[in-house]
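I opened this one up to see how it is put together. These are my notes, in the order I looked things up.

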Amino acid sequence: MKEFTLQTELWLPRPMDEVFPFFAEARNLEAITPPWLRFEVLTPAPIEMRAGAWIDYRLRVHGVPLRWSTEIAEWQPPHRFVDVQLRGPYTLWHHTHTFETRDGGTLCGDLVRYRPRGGALIHWLFVRRDVERIFQFRAQRLKELFGGDAVEKGKARCHPAAAA
């Protein structure tokens with residue numbers, strides 16, 4: 001089955017010691033997820049973020065209720081963490097978050113490798129557009145939360161993964 005990638009960068013005008021803790025709080029994902037997904041963290045608070053932590057969510061995709069479970073596969077504060085889907089709408093979801101000090105602020109990177117159920121046709125018809133819209137919404141919300149001078153380094157775009 002074909003694998004796709006999404007890669008984004010967003011520069012926020014705040015130091016890493018302000019930005020990373022926001023991402024380290026799992027419940028903040030609700031604040032940067034589009035309202036049309038009705039996204040909700042189900043795991044009781046407090047959630048200890050660490051390698052091996054499991055987090056459960058509930059959301060709706062095109063009106064269909066879904067459960068999603070992820071594991072924090074890598075936890076390297078304040079520079080990087082990786083979450084992987086254990087249960088959910090994809091056959092693969094591997095999301096690497098990176099943070100680096102840059103130009104007096106923080107450069108936040110996302111690299112998502114994923115395979116949607118239904119393959120390339122379903123990706124083309126539905127998934128690509130949805131994933132791009134979700135990450136575009138996320139960038140806008142982060143700009144609002146961390147300052148109007150944030151700079152998006154290109155729009156969120158999904159691409160077929162490079163052949164190995």
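**Entry 1**

I started with β7, where nine of the twelve residues are buried, so the strand is largely enclosed by the rest of the structure. For me "buried" means under 20% relative accessible area, "exposed" over 50% and "partly exposed" in between, with a 1.4 Å probe and protein chains only. Helices (H or I, at least four residues) and strands (E, at least two) are DSSP runs, numbered from the N terminus.

A note on the source before I go on: this is a predicted model, so local features need pLDDT of at least 70, side-chain atom pairs count only at pLDDT 80 or more, and totals for chains, interfaces and linings use all residues. Residues are numbered from 1 along each chain as its sequence is written, and side-chain values use heavy atoms, with hydrogens and water left out.

Which strands does β7 pair with? I found β1 (residues 4-12) alongside β7 (residues 105-116), antiparallel, over nine bridges. Two strands count as paired if DSSP finds at least two bridges between them. Within that pairing, T8 stands opposite D110, and L12 has T106 as its bridge partner. I checked the cover on β1 too, and seven of its nine residues are buried.

The other partner is β6, again antiparallel, with twelve bridges to β7. R102 is bridged to G105 in β7. The two strands make a hairpin with two residues between them, and D103 in that turn has a positive phi of about 50°.

Most residues other than glycine have a negative phi, and most peptide bonds are trans.

R38 is not a glycine, yet its phi is positive at about 50°. I placed R38 in the loop between α1 and β2, and R38 is exposed, at 55% relative accessible area. H62 is another non-glycine with a positive phi of about 50°. H62 sits in the loop between β3 and β4 and is exposed, at 60%.

Where are the cis peptide bonds I noted? One runs from A45 to P46, with omega near -5°, and P46 belongs to the loop between β2 (40-41) and β3. Another joins P77 and P78, with omega about 0°; P78 is in the loop between β4 and β5.

**Entry 1: rings**

Next I went through the aromatics. A pair of aromatic rings is described by the distance of the centres and the angle of the planes. The structure holds 16 aromatic pairs. The rule I used: rings of Phe, Tyr and Trp (its six-membered ring) pair if their centres lie within 6.5 Å, and planes under 30 degrees apart count as stacked, over 60 as edge-to-face and the rest as tilted.

I picked F81 and F99, a stacked pair at 6.2 Å centre to centre with 15° between the planes. This pair links distant parts of the chain, with F81 in β5 (residues 80-87) and F99 in β6 (residues 90-102), 18 residues apart.

R128 lies over the face of W124, 4.4 Å from the ring centre. R133 has its charged end over the ring of W36, at 4.3 Å from the centre.

D56 is in strand β3 and is partly exposed, at 29% relative accessible area. D56 and E40 are 16 residues apart in sequence, and their C-alpha atoms are 8.7 Å apart in space.

Terms used: Lys NZ or Arg CZ within 6 Å of the ring centre and 35° of its normal.
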